[in-house]
Amino acid sequence: MSLGTTAGAAAMALTGCGKDDADATAIRLGDTVAESNPQIAAERYFGERLAALTDGAYDVKVYPNSTLGDPAKMNLQVRDGNLHMTKTLFASLTVFDKRLGVMSLPYAFARQDDLYIALLARLGRQLGNILEAQNFKVLAFFDSGARNVYNKKRPIRTPDDLKGLRLRVPQDTVAIDTFTTLGAVATPMAANEILPALQQGTIDGAENNPIFYVTNKHVGEATYWSWTRHQFGIDALLVSKKYFDGLSKKHQDAFVEAGFDAQKREWDLWAKETDNYVKQATDKGAKINDDVDVDAFRRAVKPIIDKNRIVYGDLLDLLPIV
């Protein structure tokens with residue numbers, strides 16, 4: 001895949017922007033996931049590749065665990081040129097352009113490979129173009145796995161099992177609409193707020209991938225894990241376009257190449273680590289069920305896709321099963 005490069009000469013808002021000198025420029029990359037998440041390993045690999053491609057011109061510092069703030073704060077800082085880079089879920093980017101919510105549509109992809117194929121083709125290019133118009137440069141698409149429901153109360157096998165459950169969802173209208181339609185009490189909140197909310201009983205559960213479930217210690221609070229596979233998640237590794245445009249063409253190309261290399265590494269790491277974390281969840285007491293009536297869920301959420309056709313327009317045509 002080629003994510004392309006962007007030429008430009010915008011004024012820089014960050015110290016050291018645009019300098020190709022002998023001293024390494026520190027690049028701050030903020031993330032919300034835990035240190036042990038394979039996405040952090042891929043981000044550090046991005047830093048290694050960028051240093052190698054630029055003869056040590058850049059030193060990427062990765063900040064996990066929401067050290068630099070929640071997704072909304074970091075995304076704004078990257079857009080405005082006050083933070084170099086972040087990795088964020090697409091649901092957090094819909095505030096900039098509603099069309100990006102297309103990646104949150106439930107059951108838009110039947111298989112993980114269908115998502116990969118789409119991202120390597122027109123869908124990936126279109127998403128990149130939309131984000132560039134908002135002053136973000138996409139360097140990589142990171143796999144964040146199949147999202148599934150976990151909660152304190154019961155296994156989820158049909159949409160009826162969700163009725164009345166207070167479920168944390170991302171701060172995204174599509175996610176809220178999806179679980180409201182399914183009968184849950186959709187409760188939007190930042191990722192770092194989920195654990196205390198589970199502990200305090202503010203919510204009954206959440207939905208995410210197995211790695212997030214274990215690394216964020218939610219398995220100890222919400223032991224019922226159900227393979228709903230309602231969404232194949234994807235995150236964006238972003239660099240400030242204001243920053244990127246001020247770099248030399250050679251260094252722009254290095255950022256893009258390092259991003260593509262990190263994407264390949266992350267996809268491989270994610271696949272390998274998912275099985276490992278499912279086993280860890282079981283060892284920690286998770287009650288895992290895979291007897292989910294996916295067809296019933298798909299039928300239940302179809303109205304969400306239908307009513308958003310005007311919002312997403314041509315992007316819907318790039319989804320394999322919509």
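Ala, Val, Leu, Ile, Met, Phe, Trp, Tyr, Cys and Pro count as nonpolar, Asp, Glu, Lys and Arg as charged, and the others, Gly among them, as polar. Keep that sorting in mind for the linings below. The model here is predicted, so local features need a pLDDT of at least 70 and side-chain atom pairs count only at pLDDT 80 or more, while totals for chains, interfaces and linings use all residues. Residues are numbered from 1 along each chain as its sequence is written, and side-chain values use heavy atoms, with hydrogens and water left out.

Picture a 1 Å grid laid over the protein atoms alone: a cavity is a set of points where a 1.4 Å probe fits but cannot get out, and a residue lines it by having an atom within 4 Å of a point. Grid points are joined across faces, edges and corners, and the volume is the space filled by probe spheres set on the points. The structure has two cavities of 30 Å³ or more. The largest cavity holds about 170 Å³ of space. Its lining has 19 residues, and Ser 104, Arg 147, Pro 170, Ala 175 and Gln 231 lie nearest the centre. Strand E4, helix H5 (173–181) and strand E8 (224–240) are the elements that give two or more residues to this lining, where helices (H or I, at least four residues) and strands (E, at least two) are DSSP runs numbered from the N terminus. E8 supplies the largest share, five residues. Sorted by class, the lining of the largest cavity has nine nonpolar, six polar and four charged residues.

What about the second largest cavity? It holds about 40 Å³. Around it stand Val 102, Met 103, Leu 105, Tyr 107, Ala 108, Phe 109, Gln 231 and Phe 232. Seven of these lining residues are nonpolar, one is polar and none is charged.

Some of those names come back when you look at Leu 115, which sits in helix H3. Is Leu 115 buried or exposed? With a relative accessible area of 0%, Leu 115 is buried (buried means under 20% relative accessible area, exposed over 50%, and partly exposed in between, using a 1.4 Å probe and protein chains only). Setting aside neighbours within four places in sequence, Leu 115 is in contact with Met 103, Phe 109, Phe 232, Gly 233 and Ile 234, contact meaning heavy atoms within 4.5 Å. Leu 115 and Phe 232 are 117 residues apart along the chain, yet their C-alpha atoms are separated by 7.4 Å.

Now for the pockets. Unlike a cavity, a pocket is an open set of points, with protein on both sides within 12 Å along at least five of seven lines. The largest pocket has a volume of about 410 Å³. It is lined by 29 residues, with Thr 32, Pro 71, Leu 89, Ser 92 and Arg 168 closest to its centre. Helix H2 (71–80), E3 and E4 each give two or more residues to that lining, and H2 has the largest share with four. By class, the lining of the largest pocket divides into 14 nonpolar, ten polar and five charged residues.

The second largest pocket holds about 220 Å³. Gln 112, Gly 145, Ala 146, Trp 227 and Thr 274 lie nearest its centre, among 14 lining residues. Helix H9 (249–283) gives the most to this lining, with five residues.

Finally, have a look at the rings. A search of the whole structure finds ten aromatic pairs. Rings of Phe, Tyr and Trp (its six-membered ring) pair if their centres lie within 6.5 Å, with planes under 30 degrees apart counted as stacked, over 60 as edge-to-face and the rest as tilted. Phe 90 and Phe 141 are stacked, because their ring centres are 6.2 Å apart and their planes are at 25 degrees. This pair links distant parts of the chain, with Phe 90 in the loop between strand E3 (85–89) and helix H3 (112–119), and Phe 141 in strand E4 (residues 136–151), 51 residues apart. Phe 90 is buried at 2% relative accessibility, and Phe 141 is buried at 0%. Phe 96 and Phe 136 make an edge-to-face pair, since their centres are 5.1 Å apart and their planes at 65 degrees. Elsewhere, ring pairs link Phe 46, Tyr 58, Tyr 243 and Phe 255 into a cluster.
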